[in-house]
Amino acid sequence: CKVIPYHIGYTCDEYNIYLNSKKCRFCGVSLNEENTSKSDDNIGPGLRDNVCNSEECLAKKKISCDLRHDKCGHNCIGLKGY
């Protein structure tokens, strides 16, 4: 595929899937049905379906703002309640 910089650790096909997949908001891992944390109805759009189920990311999810900015569509990157 001749991508520069070269995608060490991935085949060309795996790297293409990685580039086009949804990523964890905190660690950047590609999300799929197995590793995406479950969302409940009480969580806002800023944390819905964009966090993996690793212990570290779940801990960050608990204290993070779950809002999404109306004007730009970006997730809030602050702490819950601030």
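The largest nonpolar core has seven members: Cys24, Leu31, Ile43, Leu47, Val51, Cys52 and Cys57. A nonpolar core here is a set of buried Ala, Val, Leu, Ile, Met, Phe, Trp, Tyr and Cys residues joined through side-chain atoms within 4.5 Å. This is a predicted model, where local features need pLDDT of at least 70 and side-chain atom pairs count only at pLDDT 80 or more, while totals for chains, interfaces and linings use all residues. Residues are numbered from 1 along each chain as its sequence is written, and side-chain values use heavy atoms, with hydrogens and water left out.

**Around the core**
- Leu31 is in contact (heavy atoms within 4.5 Å) with residues including Cys24, Asn50, Val51 and Cys52.

**Asn50**
- You'll find Asn50 in the loop between helix 1 (12-20) and helix 2 (55-63); helices are DSSP runs of H or I, at least four residues, numbered from the N terminus.
- Asn50 counts as buried because its relative accessibility is 8% (buried is under 20% relative accessible area, exposed over 50%, partly exposed in between, with a 1.4 Å probe and protein chains only).
- Setting aside residues up to four places away in sequence, Asn50 touches Lys23, Cys24, Arg25, Leu31 and Asn75.
- A polar atom of the Asn50 side chain sits 3.2 Å from the backbone oxygen of Gly46.

**The salt bridge**
- Searching the whole structure turns up one salt bridge, meaning a side-chain nitrogen of Lys or Arg within 4 Å of a carboxyl oxygen of Asp or Glu.
- Lys60 and Glu56 form a salt bridge through their side chains, at 3.5 Å from N to O.
- Lys60 and Glu56 are about one helical turn apart because they are four residues apart in helix 2.
- Lys60 is partly exposed at 33%, whereas Glu56 is exposed at 54%.

Conventions:
Helices (H or I, at least four residues) and strands (E, at least two) are DSSP runs, numbered from the N terminus. A polar contact is a pair of N or O atoms within 3.5 Å; within protein, one must be able to donate a hydrogen and the other to accept it, and residues adjacent in sequence count only if both atoms are side-chain atoms.
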